[in-house]
Protein chains: 6
Amino acid sequence: EFVARSVGVCTMMRLPLKSSPEGLDAAFVGVPLDIGTSNRPGTRFGPRRIREESVLLRTINPSTGALPFQSHLVADIGDVNVNLYNLQDSCRLIREAYQKIAAANCIPLTLGGDHTITYPILQALAGKHGPVGLLHVDAHTDTADKALGEKLYHGTPFRRCVEEGLLDCKRVVQIGIRGSSAILNPYKYSRDQGFRVVLAEDCWLKSLVPLMGEVRQQMGKKPIYISFDIDALDPAYAPGTGTPEIAGLTPSQALEIIRGCQGLNVVGCDLVEVAPMYDPSGNTALLAANLLFEMLCVLPKVKTA
Amino acid sequence: EFVARSVGVCTMMRLPLKSSPEGLDAAFVGVPLDIGTSNRPGTRFGPRRIREESVLLRTINPSTGALPFQSHLVADIGDVNVNLYNLQDSCRLIREAYQKIAAANCIPLTLGGDHTITYPILQALAGKHGPVGLLHVDAHTDTADKALGEKLYHGTPFRRCVEEGLLDCKRVVQIGIRGSSAILNPYKYSRDQGFRVVLAEDCWLKSLVPLMGEVRQQMGKKPIYISFDIDALDPAYAPGTGTPEIAGLTPSQALEIIRGCQGLNVVGCDLVEVAPMYDPSGNTALLAANLLFEMLCVLPKVKTA
Amino acid sequence: EFVARSVGVCTMMRLPLKSSPEGLDAAFVGVPLDIGTSNRPGTRFGPRRIREESVLLRTINPSTGALPFQSHLVADIGDVNVNLYNLQDSCRLIREAYQKIAAANCIPLTLGGDHTITYPILQALAGKHGPVGLLHVDAHTDTADKALGEKLYHGTPFRRCVEEGLLDCKRVVQIGIRGSSAILNPYKYSRDQGFRVVLAEDCWLKSLVPLMGEVRQQMGKKPIYISFDIDALDPAYAPGTGTPEIAGLTPSQALEIIRGCQGLNVVGCDLVEVAPMYDPSGNTALLAANLLFEMLCVLPKVKTA
Amino acid sequence: EFVARSVGVCTMMRLPLKSSPEGLDAAFVGVPLDIGTSNRPGTRFGPRRIREESVLLRTINPSTGALPFQSHLVADIGDVNVNLYNLQDSCRLIREAYQKIAAANCIPLTLGGDHTITYPILQALAGKHGPVGLLHVDAHTDTADKALGEKLYHGTPFRRCVEEGLLDCKRVVQIGIRGSSAILNPYKYSRDQGFRVVLAEDCWLKSLVPLMGEVRQQMGKKPIYISFDIDALDPAYAPGTGTPEIAGLTPSQALEIIRGCQGLNVVGCDLVEVAPMYDPSGNTALLAANLLFEMLCVLPKVKTA
Amino acid sequence: EFVARSVGVCTMMRLPLKSSPEGLDAAFVGVPLDIGTSNRPGTRFGPRRIREESVLLRTINPSTGALPFQSHLVADIGDVNVNLYNLQDSCRLIREAYQKIAAANCIPLTLGGDHTITYPILQALAGKHGPVGLLHVDAHTDTADKALGEKLYHGTPFRRCVEEGLLDCKRVVQIGIRGSSAILNPYKYSRDQGFRVVLAEDCWLKSLVPLMGEVRQQMGKKPIYISFDIDALDPAYAPGTGTPEIAGLTPSQALEIIRGCQGLNVVGCDLVEVAPMYDPSGNTALLAANLLFEMLCVLPKVKTA
Amino acid sequence: EFVARSVGVCTMMRLPLKSSPEGLDAAFVGVPLDIGTSNRPGTRFGPRRIREESVLLRTINPSTGALPFQSHLVADIGDVNVNLYNLQDSCRLIREAYQKIAAANCIPLTLGGDHTITYPILQALAGKHGPVGLLHVDAHTDTADKALGEKLYHGTPFRRCVEEGLLDCKRVVQIGIRGSSAILNPYKYSRDQGFRVVLAEDCWLKSLVPLMGEVRQQMGKKPIYISFDIDALDPAYAPGTGTPEIAGLTPSQALEIIRGCQGLNVVGCDLVEVAPMYDPSGNTALLAANLLFEMLCVLPKVKTA
Ligand SMILES: [Mn+2]
Ligand SMILES: [Mn+2]
Ligand SMILES: [Mn+2]
Ligand SMILES: [Mn+2]
Ligand SMILES: [Mn+2]
Ligand SMILES: [Mn+2]
Ligand SMILES: [Mn+2]
Ligand SMILES: [Mn+2]
Ligand SMILES: [Mn+2]
Ligand SMILES: [Mn+2]
Ligand SMILES: [Mn+2]
Ligand SMILES: [Mn+2]
């Protein structure tokens with residue numbers, strides 16, 4: 001290490017800042033939007049704080065042997081500009097930005113932002129790849145129809161995706177789901193679509209390595225997207241988020257989930273719902289930065305030592 | 001004091017919670033909206049936290065002799081429901097709610113929320129009273145035309161009001177204005193309308209009692225509205241806000257401004273832009289609660305001892 | 001959801017605020033007292049903050065199928081007034097308030113407050129039901145005799161209860177006990193009374209479902225009270241408390257404990273020792289709110305889907 | 001400076017820790033009690049945090065030339081033991097401790113603790129010196145009769161002192177008084193006793209040097225006590241306190257007040273109401289430590305360069 | 001504003017990030033070093049947080065009419081790499097970096113870091129310009145000889161500069177000086193060199209416009225450097241710093257000081273001692289960002305509207 | 001308990017403060033140094049805050065039966081003076097201080113401070129005992145060669161120890177190791193020396209009792225040193241540290257590790273890397289205090305009940 005950790009303008013993992021995805025194999029990109037948030041706001045500052053804490057990361061993954069930067073050209077391409085006063089328009093801006101990223105054959109690793117953003121991201125990626133498989137790690141299914149009369153907010157992205165045919169519903173797995181509910185069977189919609197719903201309580205005190213073996217089987221070789229809501233984890237590990245639910249996953253389970261995707265055809269990933277103001281130590285953002293690094297390490301064609 | 005300060009569900013000043021403005025002379029009402037915020041969000045929790053800190057307030061104002069609760073029937077009427085995902089629709093909901101308050105001849109004292117809300121409030125009040133005078137205390141003129149392509153956000157309410165003829169522009173005073181600017185003459189729009197713009201630097205180290213004498217002259221007997229953005233104060237006194245500007249007003253100046261309104265025909269007031277997450281001590285909310293109490297004390301027909 | 005989460009004066013789970021327990025099957029009630037605290041104060045603001053975070057809760061429990069609000073008439077009946085300068089007098093005020101609640105045949109779900117309050121609550125409930133069984137979840141046995149010369153503080157409630165015959169000692173279970181001690185055998189008093197003491201270290205890395213099977217056997221059909229000190233949980237999950245002890249229970253174990261009470265004759269519950277100032281994220285209060293909801297879900301006659 | 005500021009167990013100003021006041025001219029002593037607090041608790045940790053921040057202080061006062069440690073033998077004598085569960089008993093413990101300090105002819109400089117403690121301190125000091133003059137700096141007069149039915153809490157100490165004849169009422173000055181009130185004329189009691197009440201609003205934007213000239217005249221050569229409630233200052237300077245009032249004094253005014261006591265016959269001083277949990281930066285405690293140092297610098301017989 | 005404030009990797013004022021000072025008229029540059037700190041560390045993260053909060057700034061100064069970006073080519077050139085384990089070596093690295101900046105005829109506006117850094121910066125600038133005048137705004141003179149046996153730390157930079165002939169001592173002014181002292185006459189060294197020392201207490205409640213008129217006279221047309229320690233301000237305005245002193249300057253005085261430099265031959269500026277961990281709201285960093293912008297606005301040849 | 005927890009100057013566990021190790025069997029000693037820190041500073045305040053939170057500890061360990069204070073004469077001997085501006089010199093000061101402690105036959109239990117300090121501590125202890133076995137609990141191996149050109153910082157102590165022959169390399173165990181890496185095989189150096197490296201992922205969801213059985217075998221009867229870096233634990237349990245790594249150990253595993261050392265010939269222990277500013281609740285320091293108490297409980301000749 002020749003540069004002190006306090007030194008430098010904060011890009012993700014201190015990667016070069018590029019203005020375009022052209023020529024990149026993969027790119028970190030921020031979507032600093034939080035106006036789809038139903039409770040505590042602040043995820044607009046998630047990308048900024050994740051970048052800041054990511055200076056603790058080093059480039060090699062000794063646990064898996066992955067050498068991402070010896071395999072791929074990766075950069076930080078900054079943030080998508082968003083319209084903080086209009087959620088619909090923000091979705092358009094995000095979709096258009098990701099269409100460009102997809103067109104450049106660059107795999108996006110997204111720093112959220114609230115979970116609304118996954119909808120326009122998947123519009124762009126399904127535009128390129130067709131309906132994708134989805135590994136969705138979250139406390140919530142995010143398959144509501146509406147809230148406060150609106151079709152778009154962070155509780156609805158996956159229903160919108162289903163309605164638009166963006167998902168290959170037989171290859172959708174939701175892990176970490178829990179919490180009280182406004183309706184009797186909150187998982188019915190997901191299961192009716194063919195999603196596998198893995199409740200948090202079925203994960204308590206367990207290694208998720210066996211589950212991920214099944215998931216890999218299910219996903220096969222076709223494109224999948226990983227959408228990781230930090231609130232999947234227990235609030236002890238990730239206090240800085242807007243709609244925390246008790247009794248969630250652990251970081252070791254999060255690592256088992258992501259590392260379990262090695263070999264899959266991952267076409268994009270996101271880590272959403274980091275709200276820094278509820279995270280005075282910065283450790284939620286640090287966790288997010290680590291999980292994004294782990295996602296990078298399981299992208300297709302990443303070499304291992 | 002027969003009830004301990006930690007006791008009870010928090011209404012403003014522990015007033016009774018009413019579901020309607022009918023029969024009330026004045027009412028505290030919250031507008032927990034923050035999606036018009038350009039920088040740090042969180043004012044959606046302003047009303048909640050102002051109510052919480054308001055338990056420190058007692059009912060009489062020994063500095064002015066005002067006896068508001070011996071003069072008026074006052075209650076907390078809860079919050080306007082807002083649409084957190086759609087700013088336009090929220091403005092509609094706020095306007096409709098305040099039309100009902102105005103129709104009940106109840107003077108609203110509003111707990112914000114970001115400054116966008118003053119626009120629909122003034123739509124409602126001008127609907128009843130005709131164009132109103134405005135005492136606007138703020139670091140910013142809030143007379144921008146657009147941001148990010150949008151006409152509605154917390155930087156534009158007073159331009160929208162001018163355009164709709166809601167203000168009696170010869171009786172508009174803006175106090176506390178300061179800060180860097182994107183344009184050469186940021187006060188031109190205000191002055192072109194006939195507003196009086198009092199810069200913060202013209203207030204430094206001064207009593208504002210003389211200024212308020214002039215303001216009372218200017219306002220006369222016709223209806224006026226008081227809109228108080230907590231960022232008018234220096235961030236030392238009001239850290240919990242989203243777009244702080246250095247070198248602002250002091251709390252004693254804030255008191256001089258509000259107390260200087262005694263005798264005016266105040267038809268409504270608001271205190272906006274309290275963002276609790278940036279205020280770990282709660283003292284910004286406490287300041288806001290005090291200023292709202294002082295506004296109550298200068299409403300028409302409040303008796304003094 | 002037709003009301004945004006930031007909207008409204010905060011009652012527990014946004015329930016109606018009632019001034020009396022009459023006609024209610026169960027009621028949330030706050031006891032905002034902290035002068036029985038031996039270390040960090042602040043639990044006087046526990047009820048306020050638990051109510052605030054409880055807006056995240058929805059009304060149905062999909063994990064257990066419980067439909068509490070379709071089964072029972074439940075409200076928030078506000079706080080017991082306490083005497084913040086006199087612990088003895090506060091105990092009297094609490095006892096009298098709970099005698100009224102008991103007389104109304106309303107099951108109290110208490111938001112504490114420090115653990116001292118369980119003593120006057122049990123005086124009231126045992127006055128109605130006779131000696132009750134007790135499920136006591138805590139890091140501490142709270143069976144000291146005195147501290148600083150005083151018989152009343154948050155370390156003594158259960159010894160006082162034993163002395164007054166309020167407990168059916170053969171049906172008392174204490175779970176989560178741990179920590180350093182001033183005496184050689186700190187569990188002796190409990191065991192001498194016939195209590196079952198389950199140490200935290202006997203819970204590490206284990207599901208508590210089997211334990212709760214035994215507890216249900218032991219409790220039988222007679223009345224029991226659940227007293228849940230948030231410090232039973234590891235401080236990682238519940239930082240906001242006054243006398244934390246390392247290496248505690250997990251939220252999933254807390255859920256197993258409470259859900260394991262289904263079918264028992266629960267006549268009252270409390271959740272105590274939430275000290276918000278040590279909980280900047282609010283997540284300790286959120287955990288408490290969830291546990292109180294889970295307690296509601298296991299009250300007698302709550303229907304399940 | 002031969003010792004780094006982070007080094008060492010924290011005594012006040014790194015003075016030696018003594019177990020007795022014998023042989024000392026003056027002593028810092030803590031009273032870590034907060035159960036007389038009406039709103040936010042936490043002053044029990046005031047002495048601890050004031051000591052911690054006092055490591056920034058050096059031994060000479062260049063502004064006044066005072067050389068306290070070349071004039072007097074001064075030490076930290078630790079804390080008075082208090083009964084955290086019984087305010088009456090705590091008052092007895094404090095009184096007895098200060099009787100010993102007074103008997104040793106040692107001038108106490110007290111680190112509070114809530115303001116209740118000044119009552120037993122004055123019992124002890126008036127026991128030695130007879131009725132004392134009082135310079136009371138505070139947002140509140142602290143002359144209530146009762147609250148919640150109790151005669152003892154932090155709002156009543158000076159009425160209790162009057163009733164017991166501990167004060168030379170013609171030589172009592174209260175500075176910084178302000179805030180809303182439960183009664184019509186909240187200053188009447190003080191003025192009826194002959195106290196001079198200086199409102200905060202009469203201090204705004206003014207040097208207090210002239211006022212202190214008058215105060216010195218009034219106090220004459222007879223014994224006086226200085227009781228400084230940190231809430232006399234504006235909450236911007238002293239956020240860490242339990243009952244803050246807006247629009248208070250400034251630190252420069254606080255210095256003018258204390259430095260204005262030079263030449264008076266000061267027989268004791270206190271600095272009360274520092275609540276560290278509301279002061280994340282530690283700067284309220286630092287302010288308190290500085291004010292205590294300044295009080296030391298005006299004790300009788302302190303030499304100046 | 002076409003870009004939302006939450007968008008983008010944080011450079012100072014969102015300026016382009018350049019890798020070299022070549023071709024720039026002025027540049028913001030960070031020195032993220034804090035191992036010269038005597039008390040609370042953390043200024044290593046000062047540059048990062050100042051950049052973050054600087055997104056609130058706009059490009060024009062309506063108070064002075066300054067149009068810095070229409071006058072000069074300005075960029076953010078990132079941070080000097082520092083050696084966090086060796087203060088001597090860090091000084092070398094800083095000196096070498098600033099020699100390059102000076103050689104490029106680029107005026108550095110430095111984001112500190114602790115005050116030690118001004119010494120190597122002045123080595124570099126005096127190497128180009130010869131001995132410079134100095135406007136030093138600080139609570140401390142920073143002219144100690146040693147601490148803990150070391151010649152280099154944040155209390156000694158200006159004595160080191162004097163010893164090496166880097167300062168034109170007749171044109172050195174220190175403003176804001178205050179606080180307790182380890183020696184009898186802490187200002188003697190400064191005054192013996194010919195410095196003007198303006199104590200904070202001589203600034204209380206005063207406009208500093210007259211003082212700055214005198215300073216401009218004294219500085220004349222020869223090169224001057226502005227070194228602004230944020231602790232010159234009262235801790236109410238700047239809580240986030242390591243060695244705060246009570247009763248300091250106000251932000252309006254800070255603006256008067258910097259704006260009073262208009263017309264002087266400013267060859268470099270710094271803003272040091274921002275320690276973000278003691279500043280949960282971010283407002284100390286925001287103040288620092290504003291002051292740096294104001295310094296930019298008084299650089300030679302900045303046009304005014 | 002006859003003394004309230006808020007009472008008294010904070011020594012470790014309220015032990016007497018001694019100025020010398022002479023005559024003591026064991027002593028708590030602080031090393032308030034943080035200039036070897038690569039990321040977030042602040043461990044200089046670790047000893048202070050650990051002492052503060054240690055007031056919650058009582059003197060007996062009911063889990064193991066250990067009665068340390070009935071077995072040994074133990075005191076707090078304050079802090080080693082350090083040179084905050086010179087890491088080399090600090091190492092010298094620490095080494096010399098520990099040579100005196102070792103010469104007094106007093107076992108040091110160290111409150112850190114960053115991990116650099118273990119190097120000079122082991123220089124002193126190996127000077128007395130010869131090469132020692134090492135139980136090193138940490139997220140990091142701390143066996144780097146250099147950083148930023150320096151041989152001394154908190155990432156290198158154990159390589160320095162190896163080079164100087166201070167360790168009995170066949171009896172070195174490192175537990176909890178994890179995280180991204182700058183080199184391909186970050187554990188190679190350790191294993192090449194003969195260290196046993198136990199990765200965190202091999203500890204997930206497991207009791208470490210079996211591992212510790214093996215460790216006891218390996219350590220035998222010869223002297224061992226325990227060096228416990230708080231970042232070995234998951235950041236959920238220990239947020240207050242400078243270089244946190246996700247997915248770490250749990251407090252129950254930490255207890256199993258330390259309690260598993262019973263019977264070994266422990267000649268010294270440390271608990272390092274507590275950075276209080278990242279720990280608003282104080283619970284990291286409380287955890288550290290508990291672990292230090294547990295280390296005391298396994299010192300040779302500590303009796304058990
Ligand atoms: Mn989600
Ligand atoms: Mn979620
Ligand atoms: Mn505004
Ligand atoms: Mn504003
Ligand atoms: Mn308890
Ligand atoms: Mn407990
Ligand atoms: Mn007082
Ligand atoms: Mn007061
Ligand atoms: Mn300085
Ligand atoms: Mn300074
Ligand atoms: Mn380490
Ligand atoms: Mn480590």
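Donors here are N, O and S atoms within 2.8 Å of the metal (3.2 Å for Na, K and Ca), and because water is not among the atoms, sites may look incomplete. The model is predicted: local features need pLDDT of at least 70 and side-chain atom pairs count only at pLDDT 80 or more, while totals for chains, interfaces and linings use all residues. Residues are numbered from 1 along each chain as its sequence is written, chains are lettered from A and ligands numbered from 1 in the order written, and side-chain values use heavy atoms, without hydrogens and water.

**Manganese sites in chains E and C**

D138(E) coordinates both the manganese ion (ligand 10) and the manganese ion (ligand 9), which are 3.2 Å apart. H140(E) sits in the loop between β4 (132-137) and α5 (157-163) of chain E, and D231(E), 91 residues away, in the loop between β7 (223-229) and α8 (251-259). Helices (H or I, at least four residues) and strands (E, at least two) are DSSP runs, numbered from the N terminus. Both H140(E) and D231(E) are buried, meaning under 20% relative accessible area, with exposed over 50% and partly exposed in between (1.4 Å probe, protein chains only).

| Ion | Protein donors | Donor distance |
|---|---|---|
| manganese ion (ligand 6) | D138(C), H140(C), D229(C), D231(C) | 2.1 to 2.4 Å |

H140(C) lies in the loop between β4 (132-137) and α5 (157-163) of chain C and D229(C) in strand β7 (residues 223-229), so the pair ties together parts 89 residues apart in sequence. H140(C) is buried at a relative accessible area of 15%, and D229(C) is buried at 2%.

**Interface of chains B and D**

In chain B, 35 residues are in contact with 31 residues of chain D, contact being heavy atoms within 4.5 Å. The two chains bury about 2,500 Å² between them, 60% of it on carbon and sulfur atoms; this is the accessible area (1.4 Å probe) lost on being put together, summed over both parts.

Three salt bridges are found across the interface of chain B and chain D, a salt bridge being a side-chain nitrogen of Lys or Arg within 4 Å of a carboxyl oxygen of Asp or Glu. E245(D) and R58(B) meet in a salt bridge at 2.7 Å, N to O.
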